Amino acid sequence: MTKVTVVGGGLAGMTAALRLLERGCEVELFDAGARLGGKAGAVQHGGDWDEHGYHIFPLWYLNSWKLIDDLGIRDHFVDCHEFHQYFGDGVTPRKVLTDFTSIRHALTNLTSGIASIWQMTLYFCAAFDLLSQPYSRRAFLDQLSVNGFLRSRFYRTEAIAHLFQSSVVGGSSAPSYEASAMTFRNVLRYWMEYPLPMSRILRGDLQQFYILPFQRRLEELGCDIRFNQSLRHIELDGGRIKRLHVEDLTTMETHLIDVDQVVIAIPAEKLALLVDDALFGADPNLGRIHNLKARPMAAFNLYLKRRIPGLPASHVNLLHSQYGLSFIDVSQVWEGYDTTVLNCIAASFVDLTSLSPERALERLVEDMMRFMPELTWEDIDRTDFQSHLREPLVMNDAGAWQFRPEARTQIENLYLAGDYCRSHVDLVTMESAVTSGLLAAEALRADAGLPDPIAVLEPKGFPQWLLSLGSILLIPVAAVARLMVWITER
């Protein structure tokens, strides 16, 4: 029986552990926290479960949906078709995009009023222009930011640059002048292929409705799960990992764990701290992880004393918010709440990282009230604030792909998993975490000579010739729209 030690109990480590258990491996799973799930989990405070931030599940998350079906929890999800946009100018009424990557709703979205019909035409032309870029330009696009790509097009306007900035920051916590054009080309392609519904959200918190069923499946298959265990040192012998030095955070004692095969699925910044002389000598590519940038994406929950009428039950974006704010009113989806509960994310939190949690939360709520004048301090019953300064997200910056590690390393019994690892998903998401776990498990399975290959699903996308043709046909449309913008808005 192949013995596998998995370090890291987030979605990447859990997925690798599950697929290897299914193939008869003996698996030990170590996590430094008191629960599984990592950045995809939730913490219980009294009777409430406060998530790391709200989560959406687009249909192009093929590996996540396969896992969800294997766990038998697809009925825990509800469809979302609308993406609401709130303006903070006190004048513009709230607008909505409906299944925004679906051609079926193109006219509805063009006339949504988020911007003029001509600016919206340019916005969608720009999105299609980016997603239609051929694979041969992959290396070039990775060196180019989304903003740089837009600035190179003849139809560029400040309005569509601002719209892209809001979209990119909300999706990745990286500003459009840093985010990789290649990354968002891929995501746009996937979303266009699977547009309906736009996304799904859980009927309850992620911990109870996703992570705990996942954990139970691991335990049923015999996984030995150990909490509060932090990896401190990796000991090598002859090009292989011989043992792990693991500190028990409860007793503060360090244990030496002899290993056979190892999957490390911890965050990039924590793995980088383990790359010492020996590890770097065995695989110099591991040193590249230091080049990956990470930024906190703060989350906070507002539990109100009353129900605010008129709020949608789907994703709301506060357009051009200073801190990249967006939220979901989970009280309309989760059971047990008679008053409004806003699960919020601050994607652009850097300005507030040096403040106290109380002052940072105060500033975020003040920014939110600019978009929601019906929300007052008297309405707030209690709050939960998570700065995530110690749990930052790896940025999908231009040029970052070259520094991201593969699942298989030059150390013969070490495999890596995590949302920052290379995969077709590219964007740091729950899907990239799950996919990286599959890639690590498959590499280990193949090297160990185990049967039953592990499938890694990838959206096939539309034929390149069709996308290129569509991009060419849109050139005169973009030219007319750009002319009309110049005429009507000069």
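Helix α7 gives the most to the lining of the second largest pocket, with five residues. Helices here are DSSP runs of H or I with at least four residues, strands are runs of E with at least two, and both are numbered from the N terminus. This is a predicted model, where local features need pLDDT of at least 70, side-chain atom pairs count only at pLDDT 80 or more, and totals for chains, interfaces and linings use all residues. Residues are numbered from 1 along each chain as its sequence is written, and side-chain values use heavy atoms, with hydrogens and water left out.

Back to that pocket. On a 1 Å grid over the protein atoms alone, a pocket is an open set of points where a 1.4 Å probe fits, with protein on both sides within 12 Å along at least five of seven lines, and lining residues have an atom within 4 Å of a point. This one lines up 22 residues, with Q165, V169, S321, Q322 and S348 nearest its centre. Besides α7 (158-172), strands β16 (315-318) and β17 (325-329) each supply at least two lining residues. The lining divides into eight nonpolar, twelve polar and two charged residues (Ala, Val, Leu, Ile, Met, Phe, Trp, Tyr, Cys and Pro count as nonpolar, Asp, Glu, Lys and Arg as charged, and the others, Gly among them, as polar).

Now for a sheet. Three strands form an open, antiparallel one in the order β10-β11-β12; two strands pair if DSSP finds at least two bridges between them. β10 (229-237) and β12 (253-258) stand at the edges with a single partner strand each, so one side of each has no neighbour in the sheet. β11 (residues 240-248) pairs with β12 over six bridges, and V246 sits opposite H255 in β12.
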